[in-house]
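Good morning, and thank you for coming. Please look at the sequence and the structure that I am about to show.

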Amino acid sequence: MNPSNVTSRHSTVIPLHPHDRVFILTGAGISAESGISTFRDPNGVWSKVDVETVATPEAWRRDSKHVWRFYAERRKQAADVRPNPAHYALARLEAELGERLMLCTQNIDPLHERAGSRGVVHMHGELMKSRCDRCERPPFHDERLYLEGPPRCECGGRIRPHVCWFGELPFELDAVLEALEISTVFVSIGTSGTVAPASHFVLWAGRGNPGGTARKYYVGAEEPENAMFFDEVFVGKAGELVPTLFPAVPELPKNELQTL
Ligand code: NAD
């Protein structure tokens, strides 16, 4: 890896130009300061629970009650959590950039929406949604706990959490890849760079542009596994760094606004 791209500055700025298209990828680290454990947190939920027993289709087939209870517990905890300054900063950025921003999260928590973001793509699903494991009924908002086990669908199937388990295909990948390939600025926040396909996004960003690439930044508490693919790595807490990233968002010239 190239250590020259690593900085430990505690505040930084990503310069934006009027024609930039920004792709933001967030991971568990952005919600850490809101009190939701990351995947790797030594004291986190995942250090006590074996992923194989709660986050795979095999686990669901083996013991759906156990899997459902695990997510019900997460729902209960998420009911009280609040967004932190990083979530709010990204909601403000969306308000300023509109269609020029894609916010894609690996998180299943609802903190981006609670901060006011509207167009969030949850590539790994949403904790507060469920769907049937048998019929085509669309996913629906669901905050029920049913701690005794998964409720039944009208078709007889079992209601499962609307999350992407290991071995399943992430959601909305076509739209994500399209936005990624034409992005000119890629910013990854609080994700360890270990879970594919999100860990490869940094390689695909800007691939469809004339120069074949984008300006690539990482923001997080430590260097990610894929640090060598970023132009700059800013080490620090998301809640402190993200609000300083985009101080001045340039506007498109008025005669170009209607073409977006
Ligand atoms: P991860 O736990 O593997 O990595 C988290 C990263 O966040 C680490 O690199 C860590 O250094 C960084 N981090 C920790 N505290 C931070 C802070 N305050 N500010 C900035 N960065 C901080 O998580 P991941 O890369 O998102 O991938 C793990 C998988 O687990 C994903 O599939 C995700 O869907 C899932 N997950 C989701 C949630 C959630 O919904 N909030 C929580 C845990 C895990």
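First, some conventions. This is a predicted model, in which local features need pLDDT of at least 70 and side-chain atom pairs count only at pLDDT 80 or more, while totals for chains, interfaces and linings use all residues. Residues are numbered from 1 along each chain as its sequence is written, and side-chain values use heavy atoms, with hydrogens and water left out.

Let us begin with the division of the chain. Domain 1 comprises 1-36 + 82-124 + 170-260, and domain 2 comprises 40-80 + 130-163; these bounds come from an automatic or database domain assignment. Their C-alpha centres are 28 Å apart. Where the two domains meet, 10 residues of domain 1 are in contact with eight residues of domain 2, contact being heavy atoms within 4.5 Å. Between them about 640 Å² is buried, and carbon and sulfur atoms give 56% of this area. Buried area here is the accessible area (1.4 Å probe) that two parts lose on being put together, summed over both. Of the area that domain 1 buries against domain 2, 51% is supplied by Ile108, Arg114 and Phe171, more than by any other three residues.

I turn now to strand S2, residues 22-26. Helices (H or I, at least four residues) and strands (E, at least two) are DSSP runs, numbered from the N terminus. How many of the residues of S2 are buried? Five of its five are, where buried means under 20% relative accessible area, exposed over 50%, and partly exposed in between (1.4 Å probe, protein chains only). In a regular strand, side chains alternate between the two faces of the sheet. In S2, Val22, Ile24 and Thr26 are buried on one side, and Phe23 and Leu25 are buried on the other.

Which strands pair with S2? S3 pairs with S2 in the parallel sense over five bridges, and S8 is joined to S2, also in parallel, by five bridges. Two strands pair if DSSP finds at least two bridges between them. Phe23 stands opposite Met102 in S3, and the bridge partner of Val22 is Val185 in S8.

Next, the cores. A nonpolar core is a set of buried Ala, Val, Leu, Ile, Met, Phe, Trp, Tyr and Cys residues joined through side-chain atoms within 4.5 Å. The largest has 25 residues, of which Ile24, Val187, Ile189, Val242 and Phe246 touch the most other members. Helix H6 (85-97) is among the elements that each supply at least two residues of this core, and H6 gives the most, with five. Another core, of 22 residues, lies apart from it and includes Trp60 and Trp165.

Consider also Ser34, in the loop between helix H1 (29-32) and helix H2 (45-48). Is Ser34 buried or exposed? Ser34 is buried, with a relative accessible area of 14%. Its contacts beyond four places in sequence include Val81, His87 and Leu111.

Finally, three strands form an open antiparallel sheet in the order S6-S5-S7. Why is one side of S6 and of S7 left without a neighbour in the sheet? Both stand at the edges, each with a single partner strand, so one side of each has no neighbour there. Within this sheet, Ser130 stands opposite Phe140 in S6.
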